[in-house]
Amino acid sequence: MQNINTQKEYSDYVDKKTPNSPILKNCFNAFWVGGFICSIGQIIFDYCEYLGLDSTSSLTIVSISLIGLSALLTALNIFNKIGKFAGAGSLVPITGFANSIVAPAMEYKSEGYVMGVGAKMFTVAGPVLVYGISSSILVGIISKLFIA
Amino acid sequence: MKRLGNQTIKLDTPVSILNTACIVGPKESEGPMAQYFDKCLEDEFWGEETWEKAESKIIKETVNTLFSKSGLSSKQIDYCFAGDLLNQCISSSFGLRETNIPFFGVFGACSTFAESMCLGSLFAASGAATNILCATSSHFCSAEKQFRFPLELGNQRPPSSQWTVTGAAASILSCNGQGPFITHITPGKIVDLGITDANNMGAAMAPAFVDTLITHFQDTGRTPDYYDAIISGDLGYIGKDIATDLAKNKGVNIQKNYYDCGVLMFDKETQDTHSGGSGCACFGSIFSGYFFKQLQESKLKKILCIATGALMNATSSQQGESIPGIAHALSIEK
């Protein structure tokens with residue numbers, strides 16, 4: 001081991017000593033779990049169309065079902081285990097969004113329904129909403145000005 | 001009392017550790033050290049409504065256990081030094097509010113127990129007090145809530161992350177007693193080598209540990225061989241490895257008799273705790289449960305305890321600040 005005199009040298013040394021996350025394994029699990037969740041969504045969608053619903057209504061039912069299922073699994077202390085295993089695989093689909101709202105709502109229930117559940121519910125999902133909605137507005141304006 | 005070198009204080013009348021107690025949570029109860037703890041809890045709430053209340057109850061019951069083990073009552077305790085990780089140390093102040101003992105709230109992050117014992121031993125050695133109570137606690141769920149994410153959030157922990165120990169520890173220091181004795185203390189400096197990753201506390205705290213370790217040896221003229229065991233608080237696997245390297249680099253080889261409480265607390269392979277345990281109760285419960293008994297049974301005669309702490313909070317992390325480390329040393333001899 002060489003001498004460590006600066007913060008940079010220490011940081012480089014720590015990087016060498018710290019094991020990386022198992023990226024290949026994580027990617028593989030994220031891939032198949034993410035794909036599996038999307039397949040469930042597709043099955044619900046096809047079934048709704050089979051029942052004669054139009055595609056907009058079917059899509060809404062897919063979102064509602066996945067959000068409901070994810071919220072239920074979060075409440076049952078199961079979703080965090082899936083998330084630990086699948087990472088982005090369960091986080092990126094709408095299931096992750098539902099989990100990120102239900103989890104703080106459960107956590108902060110002890111601080112009451114107003115300052116706890118109400119105020120803290122969006123601590124994790126808040127940034128997604130802010131930047132998601134902001135960028136949709138921006139894209140909408142661009143599309144209106146230059147394309148339509 | 002006498003000052004040695006830059007930072008160390010030698011207690012001319014060594015202060016005895018009368019007794020210790022510790023209570024730990026369910027995950028710790030499944031770990032390799034379970035047999036040494038006074039009580040193992042079956043669930044994290046312990047009949048309370050919130051994790052914060054549960055943590056207060058754990059520290060309160062640990063102190064009660066200590067009183068019954070040592071045969072003392074709160075009336076016989078002159079002062080109390082205690083602290084924990086929750087904002088404004090509420091676990092300690094709420095948990096101990098009914099004891100009616102003059103109280104000092106102490107914050108040294110995960111080094112709090114050692115810091116309390118440093119201060120407490122000075123109080124006892126100065127003649128200001130006969131019996132001193134030192135206590136600390138931490139709780140995985142309340143710490144995750146305050147420092148990281150909600151528990152139910154489905155995210156992944158990196159391999160360098162550590163698992164906050166649920167539990168509490170307490171000890172009584174006294175002018176009268178048969179030992180083990182606190183003979184020297186070396187309060188540590190704040191050391192910051194610029195680590196910003198809150199998931200790599202071991203790396204952030206290791207330089208502080210090494211600084212206090214080297215200073216202790218310089219001040220006392222001792223070498224690692226003087227001690228049967230050198231014990232760090234919660235550096236974990238990565239921090240322990242780094243600390244061993246850093247110390248060796250400065251000419252001090254501690255490989256032979258060096259233990260870390262974060263490494264001892266859990267079984268890394270089966271308990272999924274990544275780099276090991278952390279939190280105030282990590283050093284607290286391993287010292288109180290395991291090392292204190294080893295001293296009592298004379299299996300160990302001289303130990304150097306250096307508990308480490310990361311002096312950050314959630315806001316400083318979000319603002320991109322680095323994590324300052326601290327480490328306080330206690331030399332304890334039978």
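Two strands are said to pair if DSSP finds at least two bridges between them, and the legends below use the word in that sense for a model that is predicted.

**Figure 1. Strand E2 of chain B and its pairing with strands E9 and E8.**
E2(B) and E9(B) run antiparallel and are joined by 4 bridges. One place to look for this pairing is B:Ile9, whose bridge partner in E9(B) is B:Ile185. E2(B) is also joined to E8(B), again in the antiparallel sense, and here the number of bridges is 8. Within this second pairing, B:Thr20 has B:Ser171 of E8(B) as its bridge partner.

**Figure 2**
Strand E1 of chain B, which covers residues 2-4, pairs with E2(B) in the antiparallel sense over 3 bridges, and B:Lys2 is found opposite B:Lys10 of E2(B). The hairpin formed by E1(B) and E2(B) has 3 residues between its strands, and in this hairpin B:Gly5 takes a positive phi near 60°. With strand E3 of chain B, residues 39-40, the sense is parallel, and 2 bridges make up the pairing with E2(B).

How many of the 9 residues of strand E14 of chain B are buried? The number is 8, so this strand, made of residues 325-333, is largely enclosed by the rest of the structure. Strand E9 of chain B, residues 181-186, is joined to E14(B) by 5 bridges, and the two strands run antiparallel; in this pairing, B:Phe181 has B:Glu333 of E14(B) as its bridge partner. Strand E13 of chain B, residues 302-310, pairs with E14(B) over 9 bridges, also in the antiparallel sense, and there B:Cys305 stands opposite B:Leu330 of E14(B).

**Figure 2. The contact between the two domains of chain B.**
Chain B is divided into domain 1, which spans 2-174, and domain 2, which spans 181-333. The centres of these two domains of chain B, taken over C-alpha atoms, are separated by 17 Å, and 58 residues of domain 1 of chain B are in contact with 57 residues of domain 2 of chain B. Several elements supply at least two residues each to the side of domain 1 that touches domain 2 in chain B, including helix H4 (112-125), strand E6 (131-138) and helix H5 (140-147). The largest share of this side of domain 1 comes from E2(B), with 12 residues. By residue type, the side of domain 1 of chain B that touches domain 2 of chain B divides into 29 nonpolar, 22 polar and 7 charged residues.

**Figure 3. The nonpolar core of 107 residues and the surroundings of B:Cys134.**
In soluble globular proteins, nonpolar side chains tend to be buried together. The largest nonpolar core in this model has 107 residues, and those with the most contacts inside it are B:Cys134, B:Ala135, B:Phe209 and B:Cys305. Leaving aside its neighbours within four places in sequence, B:Cys134 is in contact with several residues, among them B:Phe81, B:Phe113, B:Met117 and B:Leu173.

**Figure 4. The side of chain B that touches chain A.**
In this view, 24 residues of chain B are in contact with 30 residues of chain A. Which helix of chain B gives the most to the side that touches chain A? That helix is H7 of chain B, residues 236-249, which gives 5 residues. The residues on this side of chain B divide into 11 nonpolar, 8 polar and 5 charged.

**Figure 5. Chain B as the setting for the close-ups.**
The secondary structure of chain B comes to 11 helices and 14 strands, and buried residues make up 57% of its 334 residues. A compact globule with 334 residues would have a radius of gyration near 20 Å, and chain B, with 18 Å, agrees with this. Along the principal axes, the C-alpha atoms of chain B fill a box of roughly 55 × 50 × 35 Å. Among contacts in chain B between residues at least 6 apart in sequence, 79% join residues at least 24 apart.

Note on methods: Residues are numbered from 1 along each chain as its sequence is written. Chains are lettered from A and ligands numbered from 1 in the order in which they are written. This is a predicted model: local features need pLDDT of at least 70, side-chain atom pairs count only at pLDDT 80 or more; totals for chains, interfaces and linings use all residues. Two residues are in contact if their C-beta atoms, placed from the backbone, lie within 7 Å. Ala, Val, Leu, Ile, Met, Phe, Trp, Tyr, Cys and Pro count as nonpolar, Asp, Glu, Lys and Arg as charged, and the others, Gly among them, as polar. Domain bounds come from an automatic or database domain assignment. The radius of gyration is taken over C-alpha atoms; the globule rule is 2.2 Å times the number of residues to the power 0.38. A residue is buried if 20 or more other C-beta atoms lie within 10 Å of its own, exposed if 12 or fewer, and partly exposed in between; C-beta atoms are placed from the backbone. A nonpolar core is a set of buried Ala, Val, Leu, Ile, Met, Phe, Trp, Tyr and Cys residues joined through C-beta atoms within 7 Å.
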